[in-house]
Amino acid sequence: MIDSAAPHSASLTAMLEALLAVDRVRAGRIVKDSCIPGSPVTCVETLIVPALEEIGRCWEDGTVALSQVYMSGRICEEIVDVMLPAGDPQRKGQPKLAIAVFEDHHTLGKRIVFSVLRAGGYEITDYGHGVMADDLVHMVLRDDPQILLISTLMLPSALRAKEAIARIRNELPKTKVIVGGAPFNFDPSLWQEVGADAMGRTATETLEIVNLFAREMGQ
Ligand code: B12
């Protein structure tokens with residue numbers, strides 16, 4: 001299916017050039033010019049996420065520097081901050097949701113998922129980033145969320161999330177766990193290996209999963 005709200009690939013090339021040149025003004029203008037107003041999520045998922053993924057690939061093959069990766073992430077964070085609304089004032093009170101970046105500090109994906117869920121009407125407790133297993137288990141047992149979202153961008157962290165999820169399940173067997181981030185996108189069966197109930201490849205997919213679980217919970 002062709003997404004008519006998606007920016008053209010020329011915009012993606014221009015966006016990559018602007019980010020690698022650390023030109024935040026140009027990057028902001030490209031986003032403004034190539035995205036249809038009122039479709040911020042489509043814009044994020046078809047322009048900003050692919051641009052960052054491509055930059056990640058270039059870093060892997062040694063053609064861009066880590067500083068460029070870092071600055072691209074920062075510029076995109078600033079742009080996304082402006083684009084994604086704080087959400088509907090008539091928020092859905094239930095189910096109780098919480099989100100964390102497990103162990104690592106790749107914050108952008110969590111920020112986008114958080115914003116999209118809020119824009120979808122959900123209230124979410126943000127446990128922040130760099131959250132270690134003991135702290136996560138402690139906060140989850142304290143708050144008893146019905147749905148826990150775990151973001152992790154590094155494979156070793158994703159693998160260690162398995163133990164934290166098992167500890168949470170032991171105490172709170174009804175809590176639904178949704179995972180997401182690069183390792184889960186790279187390996188489509190990893191979410192099952194770590195004992196999650198679902199994984200979301202994108203923020204919109206995550207909203208669909210949360211809606212589904214909410215319906216199953218009768219909310
Ligand atoms: C930008 C970036 C950085 C920035 C982060 C800036 C920031 N504030 O976030 C900086 C430069 C700081 C950085 C540092 C490092 N990085 Co880095 N980084 C990236 C990069 C290029 C893009 C990540 C990103 O922001 N993508 C855009 C966001 C929007 O996408 P996303 O996070 O995937 O999120 C989307 C979906 O995955 C999903 N999602 C995300 N979270 C969740 C959660 C749930 C519950 C759900 C349902 C869905 C969901 O929805 C989001 C929106 O669509 C990736 C490459 C890649 N392919 O991901 C490497 C990458 C993640 N980094 C990597 C590495 C190795 C590192 C470092 C260790 C490098 C170093 N030697 O220092 C450090 C570690 C930092 C740390 N301790 O956390 C590796 C990890 C490899 C691995 N196998 O584990 C990657 C994959 C690059 C690579 N190909 O090698 N990085």
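Student: Where does the ligand sit?

Tutor: The ligand sits in the largest pocket. On a 1 Å grid over the protein atoms alone, a pocket is an open set of points where a 1.4 Å probe fits, with protein on both sides within 12 Å along at least five of seven lines; to sit there, more than half of a molecule's atoms must lie within 2 Å of the grid points. Mind that this is a predicted model, where local features need pLDDT of at least 70, side-chain atom pairs count only at pLDDT 80 or more, and totals for chains, interfaces and linings use all residues. Residues are numbered from 1 along each chain as its sequence is written, and side-chain values use heavy atoms, leaving out hydrogens and water.

Student: Which residues come nearest to the ligand?

Tutor: Of 36 residues around the ligand (a heavy atom within 4 Å), His105, His106, Thr107, Ser151 and Leu155 come nearest. The shell draws at least three residues from each of domain 1 (9-83) and domain 2 (92-216), with bounds from an automatic or database assignment.

Student: What does the protein give the cobalt atom as a donor?

Tutor: Donors are N, O and S atoms within 2.8 Å of the metal (3.2 Å for Na, K and Ca). Here the cobalt has a single protein donor, NE2 of His106, 2.2 Å away.

Student: And which polar atoms pair up with the ligand?

Tutor: Look for N or O pairs within 3.5 Å. Ligand nitrogen atoms lie 2.8 Å from side-chain N or O atoms of His106 and Ser151, while a ligand oxygen is 2.8 Å from a polar backbone atom of Thr107.

Conventions. Polar contact = N/O pair within 3.5 Å; in protein donor to acceptor, adjacent residues only side chain to side chain. 1 Å grid on protein atoms, 1.4 Å probe; cavity = no way out; pocket = protein on both sides within 12 Å on 5 of 7 lines; lining within 4 Å.
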